[in-house]
Every structure is written in C-alpha cells, then in structure tokens.
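Trainee: I've got a structure open on my screen and would like to talk it through. Can we take it piece by piece?

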Amino acid sequence: MAVQRAGIGWRAVSAIVLRRVRIRSPVGPAPAALLVAAALLAPAAHGELLLGVETGTMLLQQARARDPINAGVTLGIDLDVLLADLGFAAEVTGTVRDGRSRGGADIAVHTNALYALVKTTGTVYFHARAGLVEHQVTVAGRSSRDTGPAIGGGLGIFIGRARLELAYTRFDDVADFASIALRF
C-alpha cells in the first residue's frame, strides 16, 4: 500500500485526517484510520461505502441520573452476500447535551468503535453489530478511559437509497446507546 511504502503509519494518517477535517476526538485516532481504510478498500472489495449520522441517548448504568444525548458519524463498507449483508464500520460519537449525575455533576460520554455488521435483506430488515468500543466518560471535569466489547442490534427500513435505523447497543458495563440513524 502506498501509505506503508512511504513509511507513514495508520496513526499518522488518521491524525492528519482528524486535523484536516477539524475533528477533535478525545479518545484517539484509530477510527479515523479505519475510515480511511474503508474508503480506499470499498471499490476493491466490490462493496458499498457506508456513511451515516446518528443521534441518541447514552443510557448510563447509574440510578436517577439524567442521561447525556450523543451524536455521531459512521463510515464503513457494506458487502452483499446471498442471505445477508456483511460489513465493517467505524463510529465516532460525542456528547451534544451533558447528562447530570445524582449529585448534580455534568456527565459526558465520547466513544470510538469498530464493528463487524450483519444485516438481513429486504426493504425492512434487522441488523446486528459486534465490536470493540473505546469510551471516555467525563464526570465533573474528571475523565476515565476504557476499552471493551460492544454488541447491539436493531431494525431498519430502506427509504430510496437511504436507510433509517433504530438501534440499541450495549457498551461494556458503562452505558447503552439507544439511537436513530440515517445511513447512505
């Protein structure tokens, strides 16, 4: 690959992409590297490039807390096979409205995730995803970072070439993400 022949690693490429489009991810550059790889590999794999936006509630594993609202972007590749569609995606979300803890402290959750995807065929379809999520939880200005498994699924409908999806994803033991997404 040209990037590797030039002696530039994926971390350097993703950092350049993040700076170029002015995305500031507090968790790290790994998903940007996957986004670049998906864009480069989609034509070679005879797949469709997957681009999406989403918003939803980060459901915290904390009683009586107001949950933060997150928004994010997804980029990946969708490969068609006979009985289902398979794919891979990178997803980055960030808090657009802080949550509030029982004690009144602000809570924000930022995530970077890499997923393997499977989707049934048809106008109305079911989808599932499993992968790895890197999350940063900030409470009252103090942050903690962790990486763990993520698994989720949902229901979608094709509207022309776009897809509208409702999804529920479980992150480790920190939070769940109930979201609505529009994917192209």
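Trainee: Which strand does Arg183 lie in?

Mentor: Before that, some ground rules: this is a predicted model, where local features need pLDDT of at least 70 and side-chain atom pairs count only at pLDDT 80 or more, while totals for chains, interfaces and linings use all residues. Residues are numbered from 1 along each chain as its sequence is written, and side-chain values use heavy atoms, with hydrogens and water left out. Helices (H or I, at least four residues) and strands (E, at least two) are DSSP runs, numbered from the N terminus. Residues 175–183 make up the strand that holds Arg183, and that strand is E9.

Trainee: What is the order of the elements along the protein chain?

Mentor: The chain has three helices and nine strands. Reading from the N terminus, the order is α-α-α-β-β-β-β-β-β-β-β-β.

Trainee: Back to Arg183: buried or exposed?

Mentor: Buried means under 20% relative accessible area, exposed over 50%, and partly exposed in between (1.4 Å probe, protein chains only). Arg183 has a relative accessible area of 5%, so Arg183 is buried.

Trainee: Which side chain does Arg183 join in a polar contact of 3.2 Å?

Mentor: A polar contact is a pair of N or O atoms within 3.5 Å; within protein, one must be able to donate a hydrogen and the other to accept it, and residues adjacent in sequence count only if both atoms are side-chain atoms. Counting contacts (heavy atoms within 4.5 Å) and leaving out residues up to four places away in sequence, Arg183 touches several residues, including Leu50, Glu54, Arg129 and Glu165. The side chain at the other end of the 3.2 Å polar contact belongs to Thr74.

Trainee: How many salt bridges does the count come to?

Mentor: The rule asks for a side-chain nitrogen of Lys or Arg within 4 Å of a carboxyl oxygen of Asp or Glu. One of them is between Asp106 and Arg100, with the closest N and O atoms 2.9 Å apart. By this rule, the count is seven.

Trainee: How many residues apart are Arg129 and Glu91?

Mentor: Their side chains meet in a salt bridge of 2.9 Å, N to O. The pair links distant parts of the chain, with Arg129 in strand E6 and Glu91 in strand E3 (residues 84–97), and the separation is 38 residues.

Trainee: Why do Arg129 and Glu91 count as buried?

Mentor: Arg129 counts as buried because its relative accessibility is 8%.

Trainee: Which residues do salt bridges with shared partners join into one network?

Mentor: First, take the salt bridge of Arg170 with Asp176, whose closest N and O atoms are 2.9 Å apart. Asp176 is buried, at a relative accessible area of 6%. As for the network built through shared partners, its members are Glu54, Glu165 and Arg183.

Trainee: Why is the pair of Tyr125 and Phe158 tilted?

Mentor: Rings of Phe, Tyr and Trp (its six-membered ring) pair if their centres lie within 6.5 Å; planes under 30 degrees apart count as stacked, over 60 as edge-to-face and the rest as tilted. The count comes to two aromatic pairs. The rings of Tyr125 and Phe158 have centres 5.4 Å apart, and the pair is tilted because their planes are at 55 degrees.

Trainee: Where do Tyr125 and Phe158 lie?

Mentor: Tyr125 is buried at 0% relative accessibility, whereas Phe158 is partly exposed at 31%. They are 33 residues apart, with Tyr125 in strand E6 and Phe158 in strand E7 (residues 142–159).

Trainee: What is the distance between the C-alpha atoms of His135 and Asn112?

Mentor: His135 lies in strand E6 and counts as buried at 3% relative accessibility. His135 and Asn112 are 23 residues apart along the chain, and their C-alpha atoms are separated by 6.4 Å.
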